[in-house]
Every structure is written in C-alpha cells, then in structure tokens.
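Trainee: I have a model open and would like to understand the terms used for it. Could we go through a few together?

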Amino acid sequence: MNPVEQARQIAFQQTLLSARRTMLMSEILKLAIDSFRASKLRFALTALGMVIGTASVILVVTIGMKGKQYVLETLQKIGTNSVEVEYAGGGATGVERVLYNDYLTRDDEKAVDAQVPGVMYSSPIIEMHPRISFGGGVVKDMLVLGVSPQYRNIRNLLVPYGRFLDEIDDASHTYCAVVTEQFAKERFGSVPAAVGQTFEIYGMPFTIIGIFKESVDDMGQSEIADQTVLIPYSVARFFTGTENVKQIYFSMRSMNEVQDGAKEIIRIIQSRHRTGSVYKAQTLTEVLTYAAEIANALTAVLVLVSAITLAVGGVGIMNIMLANVRSRIREIGIRKALGATYREIKLQFLAEAVIISLCGGIVGVLVGLTVPLSVRFFTDYALPISSLSIVIALAAATVVGVVFGTVPATRAAQMDPVDALKYE
C-alpha cells in the first residue's frame, strides 16, 4: 500500500470514528440540563426520593456513632483501664496444701507500682462479712471492704455527700467509713443524715465520713454490693490480723496499656512468690471490644435498612425516566435522523438519570448534616459526623442513578428512527 492510499485509509477511519462520536460530553450534559429546565417540577419530585434516602443514611450513621460512643463511655466509667489481680491457687505441695496459701500482699502492690510505669493508681482489697445492727433488733450480714484512698479513682466512685477516705485516715488507722446510699437510708433514715453518724463493726465504733455510689450501674458485676461499707485498709488489716489480701486493683494510664500492663503485673507478682502459684488478671478490655463490634454491626444493619430508601428512590427515577422517554419519542427520532448515534442517545438519558440522582444525593447530605450541626450549635451536645458516611451516600446516589437509569437510556437508544418519527 502506497503512502497516498495509506493516508486515505487513515482519514476514512477517523471519519468513521467522528461519525460515532459526533457530540462532546459537555454538549450531552447541556442537553440534559436543558431538559431539566423545561420540566423543573418533575426534576424536583424525581430527586425527592434520593434526598430522603441519602439523608436517612447520614442520620442513621450519626445515630449509630452516637450510640456507640455512649455505650463505650458508659463502660469506661466502670473502669476499663483497671486490672484486677487475684490469687487462684497453687504454690504448695502435699501437706502444705492444707495449711499454706500463697496470697497477695501489700508488698506485691508496691513492687508493681515501682516497676510498671503505666500504673496510675492501685489499691488492695480486704473483704470482711461482719454482722451489723440496724436497730430494733435487726442484724444483717454486711460486706465491708478495706481499701486505700486510690480505690475511688480506680472505680470512678462518686461521693455526693461528705468525703472519701484519704491518706491521713489510712496512716492514722482512723475508724471511719464511707457507705452506700442504700445503707445510709436503711440504717439512718436518709442519706444526708448519715454523715457524721456512728455504727459498730465487730464492736468497734466507726464514724461515717461520706456517702458513695458507682458512676454507672454495673448490674452487680463488681465487688461492690448495694450495702457495701468501705473502711481504711490499715483498719481492716487490724481485724484480719494478716498481711494477705484478697485482690489488688491497678489502674493504667490508658486503655491501650491494659493488656500489656496486665501481663507485666502478673510476671512481677509471680516472680515474688513460689513456683506454681497461679495469679489471674481480669480486665474489661474484651468487653469493650465486643461492645464496639456489636455497635458497629447494628449501625451496618441500620445503614442497609436505610439503603432500601435509596433503592425505592432509584425505582422512582427509572419510572420517571421511562415516562420521559415515551414523551420524547419524536425528539429521539429527529435526533437520530440528524445523525445522533446509539451512544449519544444512551449517554444523554443516562446523564439525566445520574444528574437527578446525584443532585438529590447532595441535597440529602445537606439535609442529613443539618440535624447534627443544629444540635451542636443550639445545645451542649456534640453529635459525631462521619465524613465516610457522606462519601458513601454520594457514591450510592451515583450508583443508583447509573443502575436505574440504564434501562430507560437503553430503551431510548434502541428506538428505530423511522418508527419514532411516525409516533403520534
């Protein structure tokens, strides 16, 4: 093939390519926009379904994130940074098992405090069950815990009346107590009246210096009962006559340090006791992780439910676009007679569907953001806003427009120009 014939062949191929693409994308979009201007009400009503759908997605994600945040904050009030260590047995053989137990001691607590930098607070716990008189011949078995002043920080306890135990109480072996609200009501008639009153434990008078309560209801999952009495550790040790303690609580600086801190605490304590002694560390990290996973799963389910609204909006777009194609059959026939290709006709109607869906999505995102932003502006609450939910909502709106706009666009592009021109 000589150069002249080769040049003619290239020119012919370019002509064919130009015939297939006679319109630029900008021109196709301009036609779509002109169509919307000619029927603004139809455009607005068609986009309404997408507005509702995308707004629902934003609001559902916002509510889900706030719910997750509330659950995690509630669990953190119980003490998710805490590590509870207790003796689980072992350390003795043969006859020793009858007489010997390798319990925890206050020196174990001090050793951990000195060697684990992440520990902020610590407190031993001595548990006693004395019988306390409630007057009128009523005597009850009560739970009395000997703790250090740092126990309040570990368990996030609230003291609405009076004060909590301090270092002076512990060092001077003061016979004082901090009691629960229920104990104060049953023993002295009211909570405020209990502060300053005295009652006896093992025949010794104790003065109530404060009323405490847990910052969140743990459904009885902690060592604190409804009528628990807290006394200084040094005083409780006097009654038990031993340095052994039932448990030691530690509080880490952050939740991220809990797992590694628990392992290091166990290692230090085991190094101070007999080989074979078993000590267990319990934390709430796993509970917190499970709660986060459950919250995420519930949010995902709610998002899927709200996505149904997007699908309904997509069906509405498809129906309106099918009616739109039927009302513009003669227009389609004229455009094809003037040289419009299959691709151009399909892109025009597909662009209309995508623009309707995307515009509805943008308005829906603005509507969905209005609620959390209004709450932030007019109240002290700060509802979380997820940028990812905005991206997902807009992407979903675009996909819906493409999926549900393909059928009307294909039907318009497949029309025969002769039949279209004859259509009345």
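Predicted model: local features only at pLDDT ≥ 70, side-chain atom pairs only at ≥ 80, totals over all residues.

Trainee: What makes valine 407 partly exposed?

Mentor: Its relative accessible area is 41%. Buried means under 20% and exposed over 50%, so a value in between is called partly exposed. Valine 407 lies in helix H15 (residues 387–413).

Trainee: Which residues does valine 407 touch, not counting those up to four places away in sequence?

Mentor: Met318 and Leu322. The C-alpha atoms of valine 407 and leucine 322 are separated by 8.1 Å, although the two are 85 residues apart along the chain. The touching itself rests on heavy atoms within 4.5 Å.

Trainee: How do you know that the span of helix H11 is close to the expected one?

Mentor: H11 (residues 258–271) has 14 residues and reaches 20 Å from its first C-alpha to its last.

Trainee: Why are the buried residues of H11 said to be on the same side?

Mentor: The buried residues are Val258, Gly261, Ala262, Ile265, Ile266, Ile268 and Ile269. They cover an arc of only 165 degrees around the axis, and therefore sit on the same side of H11. On the other side, Asp260, Lys263 and Ser271 are exposed.

Trainee: What is the handedness of the crossing between H13 and H14?

Mentor: H13 passes H14 in a right-handed crossing. The axes of H13 (residues 329–337) and H14 (residues 342–378) come within 10 Å and cross at roughly 145 degrees.

Notes: Residues numbered from 1 in each chain as written. Heavy atoms only, no water. Axes fitted to C-alpha atoms, helices over the stretch in contact; angles between N-to-C directions. Helix = DSSP H or I, 4+ residues; strand = E, 2+ residues; numbered from the N terminus. Left-handed = near helix turned anticlockwise from the far one by under 90°. Expected span 1.5 Å × (residues − 1). Buried < 20%, exposed > 50% of the residue type's maximum accessible area, 1.4 Å probe, protein only. Arc of directions from axis to C-beta.
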